[in-house]
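This report walks through some cores and helices for a reader meeting the structure for the first time. Please look over the sequence and the model before reading on.

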Amino acid sequence: MALVTKADVRLHLLCIFFAIGSFVWGYNVGILSSVLVHPGFVKAMGHLTPSRKGVITAIYYLGTCYVFISHPASDLFGRRYAALAGIFTVAVGNAFECGATGSGAYAMMIVGRIISGIGVGMLSTSVPLYQSEVAPAGKRGKYVVLNHVGFVAGLAAGFWVGYAVTFWNATEHDVYVSWRVSLAVIQIPCFIFGAGLPFLPETPRWLIEHGHFEQAQKSLHWLREGSFSETEVDAELAHIRENVEAHRAAGEATWLSLFRDRNLFERLWRASLLQFMAQMCVAKLGLPTRVTLMAGGIESTLKIGMTVIEMFLIDRLGRRVTLTAGCVAMGFGMLINGVLGQVYPDNTNSAADVACIVFIFIYALGYSMGFGPAAWVYGSEIFPTSVRARGLNFSASGGAIGSIVVAQVWPVGIDTIGSNIYFFFMAVNFVCIPIIIIFYPETKGRPLEDMDSLFNKGISGVGEDVDEEHSEPVLPKDTNTGRASQS
């Protein structure tokens, strides 16, 4: 049996292509840092006070109403077309932002940010949903981590484009147009992603959920060709169908079921808390604008490499190990920054300043190997098909709430207690460790349809190790020898 099968190639290409959607999300986050301080943007917006800047940043999170918009698109039209609706919405919002001019420039920017936020909200949930549902159990973590690879690649691109634009200021026309071009660049991946989505297969689980069994059978066989035997693929298909029918019979296809059904609520609060903790663990660099953009670009570029490493670790070590290791790295980075800030206040030692930046990078790399990708992996795999979109959408709002809290805590903390704020974020990271160990059962290697038995047990003994039979990754089998493939 070939080390690289047709299924391996197809799944990698599919999940990399879907990562373009996450790239768009990351770019929208990264480019804003340069746009907000760009002279042309400030002039176009008129009287741009700090509070107005804050509104431009925060209004983006009004897109958390995607919790009510994204799941209907994902459930009614499929994961692909939800992503298509999201990318189209982002493109429309971006057009408003780029065209902001005249007396209504600020209003156009606000409208554009709201629309973009809704679109990104749809992308940020439909992409990992698709990746999770097409991947085999033993390699699901790797494929869903590609979602975060796309995000940090977009983040890095946004920082680097923003950094380059700071040098594009030779004439008044350059100042007028450069920030608009930096925003409009995102239309290119939007077009590529939107044009390709209709030609991709839908996930077998969504097809079965909507009664398209023959299409689901073709889709799953195409996704598993060469990696699994026909018998194994048919068994997986039957398992998916049984699970979908069981949950349909239980009436678990409404928002209220996430709160009424104890088993589902056990998953909902865990996924929501994980997203919230992921954002609460985030700190920022406090450097001059151009240096911040360059440092952000370097940091995000390094994150790409670390997230790729995470792809190969998450299915071997498990979700809990990578999450806790990331918290240790982030907490240690914050500890060093807090201590150096106390020993050398007011940047009185250049070596200490360099050390602070180095440990900020260590902190960021811990995030990219922990909460960054793993929170999305966990949230996308623990819910049944009937409420997977709803569960992931709702839990993602926990991340938005965390972002808003950090956006308020960080600047106030820096102004009032200085470098002591690092000790706060250190404490948040270290507190997360026992929470993860105690309350989050391991999901590596488990088929999506087996999460019911995991969380039924989890209610009475959360954090306990599961059976060895189920805790090992489910890898493709050699159809001739029956031995696990090492590809």
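Which helices do the buried residues of α8 pack against? In this predicted model, the buried residues of α8 pack against α1, α2 (39-45), α5 (79-98), α6 (105-134) and α7 (140-165). Those buried residues are Asp174, Ser178, Trp179, Arg180, Ser182 and Leu183. Helix α8 itself covers residues 172-184, and the distance from its first C-alpha to its last is 19 Å, close to the 18 Å expected at 1.5 Å a residue.

| Helix | Residues | Buried residues include |
|---|---|---|
| α18 | 371-381 | Phe371, Trp376 and Tyr378 |

Helix α18 is mostly covered, with 11 of its 11 residues buried.

The largest nonpolar core has 98 residues, and those with the most contacts inside it are Phe18, Phe41, Met45, Ile56, Phe193, Leu274 and Phe371. The largest share of this core, 11 residues, is contributed by helix α1 (residues 6-35). Apart from this core lies another one of 10 residues, among them Trp206, Phe228, Leu237 and Val244. When residues up to four places away in sequence are not counted, Phe18 touches Arg80, Ala83, Val127, Tyr130, Gln131, Phe193, Leu197 and Leu200. In soluble globular proteins, nonpolar side chains tend to be buried together.

Note on methods:
Residues numbered from 1 in each chain as written. Predicted model: local features only at pLDDT ≥ 70, side-chain atom pairs only at ≥ 80, totals over all residues. Heavy atoms only, no water. Core = buried A, V, L, I, M, F, W, Y, C linked by side-chain atoms within 4.5 Å. Buried < 20%, exposed > 50% of the residue type's maximum accessible area, 1.4 Å probe, protein only. Helix = DSSP H or I, 4+ residues; strand = E, 2+ residues; numbered from the N terminus. Contact = heavy atoms within 4.5 Å. Expected span 1.5 Å × (residues − 1).
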